[in-house]
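Colleague: I am new to this structure and would like to learn how to read its features one at a time. Could you show me the model and then take me through it?

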Amino acid sequence: MAKTKIAIACQGGGSQTAFTAGALKALCEARVIEEFEIVSISGTSGGAVCAALVWYAFEKEESPPWGRLMAFWQDNTAQGWLEQTFNSFVVGSIRMVNRGLIPTLQLSPSSPLLQNIVSAATIGHRETFRDFRSLLETHIDFNEIASWGPRRKRPILMIGAANVSTGKLTKFISIRQPIRVEHILASCAVPNIFPAVRIDGDGYWDGLFSDNPPLQELMQPDSVGAENLPEEIWLIKINPTTCEQIPELPDDIVDRRNQLEGNISMFQQLRHLEMINNMLLQDAFQPDYLAKLDIKAPVRIPRSFSTDPHKPYHIPFIEMPADLQKTLDFESKLDRSSFNIERLIAEGERSARRFLQERAAAVSDQPPAKSRGGL
């Protein structure tokens with residue numbers, strides 16, 4: 001019997017995407033590749049980092065496929081008293097600024113002054129801790145990827161970024177071009193932390209401004225190939241959907257604004273896919289429109305909001321439990337302490353195992369799906 005085709009989409013969220021690393025590890029440990037066909041993996045920012053590491057391990061047929069991912073996060077964790085002190089100082093200072101307790105001096109991340117300050121403050125730190133590019137290149141051989149050329153092998157990797165120069169949303173896709181370190185750096189280039197990444201004459205910023213994470217393109221034959229269209233999209237979600245109280249304090253406003261910005265594009269894409277699914281269920285397509293879309297059955301996706309009516313194609317998110325979300329703020333997305341990283345990885349593992357159980361129950365209640373096309 002043919003395996004169900006799935007795409008895994010990883011939302012961005014800085015250090016909080018250690019949760020994504022734990023989730024991907026648990027999915028691999030559950031041997032989902034024996035039951036499912038992973039046709040594509042997409043990601044933005046920290047989600048792009050996790051997606052790229054797992055994709056690279058799959059390409060190299062490494063065992064276990066999560067080993068490289070865990071090594072990256074171990075290397076990305078503050079080690080020794082120097083790195084731990086620097087991490088605590090940075091996170092604590094930003095938290096105090098956002099609470100309005102201390103003033104801040106606005107400096108461009110491209111400023112030589114700021115770069116000199118950071119260089120001086122990180123003397124004695126490991127190169128992989130102080131330089132993100134070095135960290136990525138330590139765990140992914142981009143020269144090897146360049147030698148492969150464009151890859152049609154599954155899964156397809158898709159990384160989201162925003163072109164600052166043209167204003168266009170950009171996807172770097174392994175089926176079209178070799179993935180470069182600059183593609184991942186571009187997806188992670190938060191404007192007030194990293195300078196824009198220049199690729200072929202254009203500047204790129206964090207994929208938060210484009211798709212967080214890319215979803216619709218996973219259903220487009222011209223993006224991933226007609227043979228790689230998924231029947232389900234498994235979405236690893238970092239940003240909480242709701243908050244208990246209306247934020248009034250400065251740091252609460254910053255935190256909630258960041259959450260909303262991180263979710264907007266994701267919910268918009270899910271709404272579009274829901275519209276297509278609903279039209280298919282209602283046989284609302286005109287023949288010529290259906291032919292253009294080449295889609296024949298709903299794709300299984302998460303339900304955007306708990307207040308939305310349940311549909312037969314809905315499956316759960318892989319999402320942090322509410323109790324953990326309440327303990328996280330905007331500054332924790334920059335926190336590389338072992339406490340923060342390790343608890344997020346552990347919760348990611350638990351949440352992924354819970355997702356597999358809940359998804360199996362949801363799918364067992366759904367009617368058999370017809371063959372699917374694309375958008």
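**Reading the pockets, helices and rings**

Modeller: The second largest pocket has a lining of 44 residues, and those nearest its centre are Pro240, Thr241, Thr242, Cys243 and Gln325. A pocket here is an open set of points on a 1 Å grid over the protein atoms alone, with protein on both sides within 12 Å along at least five of seven lines, and a lining residue has an atom within 4 Å of a point. This is a predicted model, in which local features need pLDDT of at least 70 and side-chain atom pairs count only at pLDDT 80 or more, while totals for chains, interfaces and linings use all residues. Residues are numbered from 1 along each chain as its sequence is written, and side-chain values use heavy atoms, with hydrogens and water left out.

Colleague: What is the volume of the second largest pocket, and which elements each supply at least two residues of its lining?

Modeller: Its volume is about 1,200 Å³, where a volume is the space filled by probe spheres set on grid points that are joined across faces, edges and corners. The elements that each give at least two lining residues are α12, β9 (314–315), β10 (318–319), α14 (322–327) and α15 (338–364); helices (H or I, at least four residues) and strands (E, at least two) are DSSP runs, numbered from the N terminus.

Colleague: How many cavities of 30 Å³ or more does a search of the whole structure find?

Modeller: Rolling a probe the size of a water molecule over the atoms shows where empty space is left. A cavity is a set of points where a 1.4 Å probe fits but cannot get out, and the search finds 2 of 30 Å³ or more. The largest cavity holds about 70 Å³ of space, and its lining includes Gln16, Ile238, Asp255 and Lys333. Helix α12 (residues 250–281) gives the largest share of that lining, 3 residues.

Colleague: How should I read helix α1, and is it mostly covered or exposed?

Modeller: An α-helix has 3.6 residues a turn, so residues three or four places apart point the same way. Helix α1 (residues 18–29) has 12 residues and spans 17 Å from its first C-alpha to its last, close to the 16 Å expected, a figure found as 1.5 Å times one less than the number of residues. It is mostly covered, with 11 of its 12 residues buried, where buried means under 20% relative accessible area, exposed over 50% and partly exposed in between (1.4 Å probe, protein chains only). Thr20, in helix α1, has 0% relative accessibility and so counts as buried. Leaving out residues up to four places away in sequence, Thr20 touches Cys10, Gln11, Cys50, Ile236 and Ile238, contact being heavy atoms within 4.5 Å.

Colleague: Which residues does Val49 contact, leaving aside its neighbours within four places in sequence?

Modeller: Val49 lies in helix α3 (residues 46–59) and is buried at a relative accessible area of 4%; its contacts are Phe72, Phe132, Leu136, Ile184 and Cys188.

Colleague: How many aromatic pairs are there?

Modeller: A pair of aromatic rings is described by the distance of the centres and the angle of the planes. Rings of Phe, Tyr and Trp (its six-membered ring) pair if their centres lie within 6.5 Å, and planes under 30 degrees apart count as stacked, over 60 as edge-to-face and the rest as tilted. By this rule there are 8 aromatic pairs. The rings of Phe72 and Trp73 have centres 5.6 Å apart and planes at 85°, so this pair is edge-to-face.
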